[in-house]
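Hi,

Here is the structure I promised to pass on.

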Amino acid sequence: MSELPPTPEPPRPLDGADGGQPDGAPAETGPSSPIGRLAATVERLRREVRAAHAEADGRALIELAKGILVERLGCGPAQAARQLAELAEQAGVTPLEFAVDVINQAARDRMSEVTAAFLAATAAGTEAVDPAGGHASAVRLRAAESGALAAHDTQAVAESLLEHALAPLGAEAVAIWALGADGSLTLAGHAGFSSAEAGRWRHVPPGVATVARRGLTERSGHWIGRLAATGLPSIGQHQHPEGGRVAVAAGTGGRIHGVLEIVWPGPLDPPSAPVVRQVEALAELCAHTLDTGSPDHAHGGVPPVLPGLSELMNLADGLHDPALVLVPHLDAGGDLADFRIHHVNGRFLDPGGRPRAVISGALLLEAYPMAAGHSELFERIERVYATGEPYRAHRMRLTALVDDVPLAAVADINISRHGGCVLLIWRIEDETARLASLLQHAQRLGRIGGFEENLLTGEITWNGQLFHLYGKPDSGAPVPLEDLPVHAHPDDAVAIGRFLRTLLHHRRPASAAFRLQRPDGVTRHIRVVAEPVLDSGGQLYVVRGAYQDISAHHWTEVALAATRDQLAHSEQQASERNRLTLQLQHAIMPPAGAPLAVPGLNLAVRYRPAETQHLVGGDWYDAVLLPSGLVLVCVGDVAGHGIEAATSMVVLRNALRGLAVTGAGPGQLLSWLNMVTHHLTGSVTATAVCGLYDPDRHTLRWARAGHLPPVLVRAGDAEPLPLVKGMLLGAVPEAVYQEHEVQLAVDDTLLMYTDGLIERRDRSVEESLAHLLTTARNVPATLDQALDRLLTHSRSDTDDDTCLVGIRVAPF
């Protein structure tokens, strides 16, 4: 048998995929190995490609500079080339760097400004934003601009920006987003991100908060030091979670076409001014690439043709509201300077009375300077034109200056963008229209005297009949609503307080009947009806209403009410019972108590009965000067409603007043009062606060029996006194009550009240007490005004009666 030839050894793989060299020898990876030679070849080819790209960009810039020299020197191309070389040699720079200097001086654009900023930073020895120097920065920026303008799509623009301008700044990736008409963002170009990551972020729906969307809302760009700290999602967030980012709006001529988003691998420090300007200039380059659907605007004027302009004019003419069609007006630098009023529909009325022919064709800021004032109307129009997001506002306050005459106006505003134009629907309500509306309002209600009160400015408008009704001359000062109790009969204070509270606090229409006491001594029965007017922010802005003299009908209504009572015997009994209860309460506790003559002490009381008569309860108060010189101040609340609660209240009030003469302290007084309550028939329970004020020492000793503690108002602050121990009255035969003493100072105010002042069905006691403390902190000039204000702004909704006692320490 013949011998077989030996099997040849298989070739060794270049990457050592066979598991390594025979006999366990390591693979060769040195410069002379196959892997090293292959890596060196790849690196050499990369350098050659980069050099070719740089040479191509450099040739384009040198040719542009030669063209500038041909135009400036009036010479031929060959002579311009020699001149460029000679000047570069004299300046000690390369021809490419000198060519960029020529371009910068001739262009005077954003790239020139950025280059100047880098040169200034280098000369001043400030932050080294560009290690290669200012001239290298200028070359890279012009190369990036040349590559962006010559690129056939946005993807190539992104790659050119990252290679020439952003990589030297340390950036690692870039994304260019296109803004859609619906507010969505589409990834138009990217560099430094994988294709899979770009595919996941190819479209961002409107309303989704991302880093790029933040760049749309901030004019100076949204700079983020570390992405993970913000929690905002964005492209490449998992690859660079700790890196810094910036998102800058890319716009031209006042319109935003997209966003330039740049990613750094590490945290980003606050940028320097040159870096900010460079990023803004690059964003402007991206805007020119994204702006493919709109025509070029002539600088300093209006383009002759705008897509959809005629259709928008026809739309404006078909509207039932006044409308303006605005087109952008650019300055010499191509930036948005104003809007020209291209068309005015037939329903538009100028606030200054000028004809439509004068307004049409004028610039918006020239015709209406108020657009750039405090109303920010121009900024709203500019924002809508930039982003395409519509804007609406109800009752926007405007101030115009037409022919040197200031005009105040209120308008409903609607702004929307259609192609390259803006539609402004501007329904203005001027002063004349408001007065006419007030007259129609008064006629509709059938009133004699109409009024309007601006709660923000304090301006009050009365008609002549209302001055006559009040017995005032036409030159007199109108009466504000809050001063109405001063001109009314004291017995009508409850009705007026309820009217003011409903109107001013609850912001609901309200009415009230009261007796008006005129300066000439004549008393008239008046009914006032008013309704609130809210602005666009939901705040109370104006109160409108009317007064009606009902004196002639007053006694007729009384007689008719008595007749109705006689027709219903059961209702008459209930009414009589409630009337007796109210009379009993008023006999013992009038709504406003008699003044207490105590030196150095001001005391005021208020009693507000229940709005529903069958809910008449047992709230009571007392304030009396004792023989010992101390002042007894107390409030209480008997459980239940009706005649039983009222009679129990009378017993407790009189018992406490009699027990106080013994000279005992407030804790002992409540212990005795608890025994009295426990032995009353019907298992009566009650709560109370009892205090003894010493005018000489300015101290108050007090105790509580299941009642809310008093409130101390001092130096613009209001806090409740400590919650001392003490159970409600009548629960057990004997009880002990803890006392507390508080030192009062001059101008301190102490408030005692029953739960009818704060109790609500939908709120806890703590929330209601917090609102009371907020209201009490605003201390009016007098104690009476303070108590009236607390009743007016009370948020209680249980229809319960209320007692309120206030003492204020006055200087001797």
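**What I found**

Among contacts in the protein (heavy atoms within 4.5 Å) between residues at least 6 apart in sequence, 58% join residues at least 24 apart. Before you go further: this is a predicted model, where local features need pLDDT of at least 70 and side-chain atom pairs count only at pLDDT 80 or more, while totals for chains, interfaces and linings use all residues. Residues are numbered from 1 along each chain as its sequence is written, and side-chain values use heavy atoms, with hydrogens and water left out.

The protein has 23 helices and 26 strands (DSSP runs numbered from the N terminus: H or I of at least four residues for helices, E of at least two for strands). Of its 812 residues, 45% are buried (under 20% relative accessible area, with exposed being over 50% and partly exposed in between, using a 1.4 Å probe and protein chains only).

Now the cores. A nonpolar core here is a set of buried Ala, Val, Leu, Ile, Met, Phe, Trp, Tyr and Cys residues joined through side-chain atoms within 4.5 Å. The largest one has 29 residues, and Trp620, Leu632, Val638 and Leu670 touch the most other members. Elements giving two or more residues to this core include strand 18 (617-625), strand 19 (631-641) and helix 21 (666-678), but the largest share, eight residues, is from helix 20. Another core, of 28 residues, lies apart from it and includes Leu336, Phe348, Ala393 and Ile415.

Helix 6 is worth a look too. 10 of its 13 residues are buried, so helix 6 is largely enclosed by the rest of the structure. Helix 6 (residues 154-166) packs against helix 10 (residues 273-290) at an angle of about 165°, their axes 11 Å apart. (Axes are lines fitted to C-alpha atoms, for helices over the stretch in contact, and angles run from 0 to 180 degrees between N-to-C directions.) The two helices are therefore roughly antiparallel, the label for angles over 145 degrees. On the helix 6 side, Thr154, Val157, Leu161, Ala165 and Leu166 meet Gln278, Leu282, Leu285, Cys286, Thr289 and Leu290 of helix 10.

Lastly, Cys803 sits in strand 26 (residues 802-809) and, at 0% relative accessibility, counts as buried. Its C-alpha atom is separated by 8.2 Å from that of Gly636, although Cys803 and Gly636 are 167 residues apart along the chain.

Cheers

Note on methods. Angles under 35 degrees count as roughly parallel, over 145 as roughly antiparallel, 65 to 115 as roughly perpendicular and the rest as oblique.
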